[in-house]
Amino acid sequence: MPPSESAAVIHSGEVRNRLLVSLPSADFDLLAPELEVVTLDQDAVLSRPGDRVDHVIFPHSGAISLMIDMANGQTVATAAVGREGAVGSLSVLGSSPSAITAVVRAAGIASRMPATRFHAAFNQSPAIRHAVQTHVKAMLVQFQFGLACNALHPVQARMVRWLLHLRDRLDHDVLPLTQEALSQILGVRRTTVTLLMRNLRASGAIRSERRGQIEVDRLRLAAAACECHDTMRREVEQIFSTPGPTPASRVRKGIWPSERSDAI
């Protein structure tokens, strides 16, 4: 994300997170006093298995992957979170420690608040409960289709699906990804990613690859994808279109009780 966009989000106080924007003003006001703006640095680890969930993080931009770490050192991503959701919100279902590693794959801006305060607002507000329920359903769709795709489709289709996931969340054709990051996301060797990238470049689905950046052609990438990405998008949009409490506005300005430029 360009630095100018980061500054605009902080200084205007715009809320771009879909979960927060969906809330009526009175319910949003239950959260607003506790929200603080933070930056999400590229490759920052927001949580590790066994960590206590201290904060709920609502991205306004950027992308975060949720990773499973195996005992032998292998990793695989199970879901991506962008401005449509939150990291840590599932802690309302119980006080168990984190079971995943959350890694920032594309830098951005987020709001965060103490998990205990979010739990209190969740218990008080039907609208917040509805928003979290919507987020949980959307995450379950990712988990379910991701499991099916990992089991039934070749690794190149899986890589295309992940490139499209991240492209959807960034709304930009240049993805800040290294081949090493892709190997961690897919749970395959770096040499496998190199071969797959070569195939996608030959098809035109990847226009160029520079150090730490992959430029994609979304239409050609979508043509190379299995059905999982498109089906997942439709399912998630249907979930988000389910009527809930009517929000008072789609963009709120000037509501930040505090602004921080420190990274997490």
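By class, 17 nonpolar, 10 polar and 4 charged residues make up the lining of the largest pocket (Ala, Val, Leu, Ile, Met, Phe, Trp, Tyr, Cys and Pro count as nonpolar, Asp, Glu, Lys and Arg as charged, and the others, Gly among them, as polar). The model is predicted, with local features requiring pLDDT of at least 70 and side-chain atom pairs pLDDT 80 or more, whereas totals for chains, interfaces and linings use all residues. Residues are numbered from 1 along each chain as its sequence is written, and side-chain values use heavy atoms, without hydrogens and water.

A pocket is an open set of points on a 1 Å grid over the protein atoms alone, where a 1.4 Å probe fits, with protein on both sides within 12 Å along at least five of seven lines; lining residues have an atom within 4 Å of a point. The largest pocket holds about 640 Å³ of space, the volume being that filled by probe spheres set on the points, which are joined across faces, edges and corners. Of its 31 lining residues, Val53, Val87, Gly88, Ser98 and Ile100 lie nearest the centre. Helix 5 contributes the most to this lining, with 3 residues (helices are DSSP runs of H or I, at least four residues, and strands of E, at least two, numbered from the N terminus).

Arg18, Glu84, Asp168, Arg169 and Glu237 are the closest to its centre among 19 lining residues. This lining comprises 4 nonpolar, 4 polar and 11 charged residues, and helix 10 supplies the largest share, 6 residues.

Elsewhere, 3 strands form an open antiparallel sheet in the order 8-10-9 (strands pair if DSSP finds at least two bridges between them).
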